[in-house]
Amino acid sequence: MKRAGTAVITAAAALALAQPSAATAATTTAWTAPACNRVVGDGAVTFTTDEGANLAGTTGTLKPVSYTHGLVALGAGNTLLATRNSELQRSTDAGCSWTHAATLGSESARLTAGTGTRAFAWEPNGGYLARVDGTTVTPLTAPVAAVVGLGTDPADPAHVRLAGGDGRLYDSRNAGATWTVTGTPAFPEGTGVYSVTFDPTDPDHAVAGAMVRGGAVTTDGGATWTASTGLSSGAANLFGTAVSPADPSVVYGVGVDLAEAVPGSGNEGRHLFRSTDGGRTFAKILDDTAEHKLTNSTLLAPSPSDPNVLHFEYGTYFMGYGTDLFRLDAGTGVITKTHNAFDGVSAIAFNPVRPSVMYLGVEEVGTPS
């Protein structure tokens, strides 16, 4: 069984610790960098200060089968939340120690940060939904059977927006207690919607990804949608997107250009895409190769301090491979890679005042039979 140890860097050295912007520092004055080099916990979350070259050790050894799908840094000083399987864990010392906070009604919940100590837990393509305030978890009734995205409003802690599997948005002004349908669906009826990603600075801005029809973007809370271009000369699958916290006009995506997805095509048309106009138009920035492996569910984590930088991962338990962490600079085209022994990295969060401190939600699947 693999255990996390020191990762080995295989390309250029990682950058020095980045300094927060004035705006970020003004809203996160209670946050600090973690004052430890070892994490007290069950091993579900660790952190790195050098983009994966070295990972902080943990007092506990993560046991299979464990997935840490949810991980967020909150507005409250030094406070993070994580989900390992159905367990909600909490840290109040910048990730140095983790304790049990609650048991959730989902084995695969994601987390979206709200304001202060608030967050929302939700299950992709499922109906589970809950509000987290501190250590109190309040189950909520989702307005749809399948949730494909959730966004919060930094200007209003009671305002939350949710996306259903039909690509339609739903709005709540009372922290998820009740919901109102808004606007029109992102795609024609019957379209399979993979995901809807909300701008963390503005819930009116969201990018949807779908089967065959590619992407669509709204900037008015779902009242109208504009089809994304540049994903393909024909049809495309856009599996997931991420809006840059540093510049919301920059959106990253992973998908397949179906015009290229022919037998023997090698990468099967799979690419990383980037938009600089909020998701209206995309351009291919990286192909799926043996060196830079992409999947339909590649985790995308844009840097909170540099819109040119995207972190992504490829991990598998098969043959004891472990996990590659990539850093792509879209401005220079430079890609660096580090490697660790975990079976995967399911979630990435950044320290609000020291964004080069990356928190990693890891997974342990175990040796295949």
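Strand β11 (residues 129–133) is mostly covered, as four of its five residues are buried, where buried means under 20% relative accessible area, exposed over 50% and partly exposed in between, with a 1.4 Å probe and protein chains only. The model is predicted, with local features needing pLDDT of at least 70 and side-chain atom pairs counting only at pLDDT 80 or more, whereas totals for chains, interfaces and linings use all residues. Residues are numbered from 1 along each chain as its sequence is written, and side-chain values use heavy atoms, with hydrogens and water left out.

**The chain as a whole**

- The chain has one helix and 30 strands, these being DSSP runs numbered from the N terminus (H or I, at least four residues, for helices; E, at least two, for strands).
- Of the 369 residues of the chain, 54% count as buried, and the accessible surface comes to about 14400 Å², with 53% of it belonging to carbon and sulfur atoms; the areas come from the Shrake-Rupley method with a 1.4 Å probe, and for residues only the protein chains shown count as cover.
- Where contacts (heavy atoms within 4.5 Å) link residues at least 6 apart in sequence, 47% of them join residues at least 24 apart.

**β11 and its partners**

- Strand β10 (residues 118–122) pairs with β11 in the antiparallel sense over five bridges, pairing being assigned if DSSP finds at least two bridges between two strands.
- W122 has L129 in β11 as its bridge partner, and the hairpin of β10 and β11 has six residues between the strands, with N125 in the turn showing a positive phi of about 65°.
- On pairing with strand β12 (residues 136–139), β11 is again antiparallel, here over four bridges, and D133 stands opposite T136 in β12.
- The hairpin of β11 and β12 has two residues between its strands, and G134 takes a positive phi near 65° there.

**The sheet β13-β14-β15-β16**

- Four strands form an open sheet with antiparallel pairing, in the order β13-β14-β15-β16.
- Because β13 (147–153) and β16 (180–182) stand at the edges with a single partner strand each, one side of each is left without a neighbour in the sheet.
- The twist averages 30° from one strand to the next, with axes taken as lines fitted to C-alpha atoms (for helices over the stretch in contact) and angles running from 0 to 180 degrees between N-to-C directions.
- β13 and strand β14 (residues 156–164) pair in the antiparallel sense over six bridges, and D153 stands opposite D156 in β14.

**The disulfide**

- The count comes to one disulfide, defined as a pair of cysteine sulfur atoms within 2.5 Å; C36 is joined to C96 with an S to S distance of 2.1 Å, and the link is left-handed, with -100° about the S-S bond.
- C36 lies in the loop between α1 (22–27) and β2 (38–39), and C96 in the loop between β7 (87–91) and β8 (99–103), so the pair ties together parts that are 60 residues apart in sequence.
- C36 counts as partly exposed at 24% relative accessibility, whereas C96 is buried at 10%.

**The largest nonpolar core**

- The largest nonpolar core has 29 residues, of which W31, L71, W98, V345, I348, Y359 and L360 touch the most other members; such a core is a set of buried Ala, Val, Leu, Ile, Met, Phe, Trp, Tyr and Cys residues joined through side-chain atoms within 4.5 Å.
- Two or more residues of this core come from each of β3 (45–48), β5 (70–73), β6 (80–84), β29 (344–350) and β30 (358–363), and β29 gives the largest share, five residues.
- Leaving aside neighbours within four places in sequence, V345 is in contact with L299, E313, T323, L325, L360, G361, V362 and E363.
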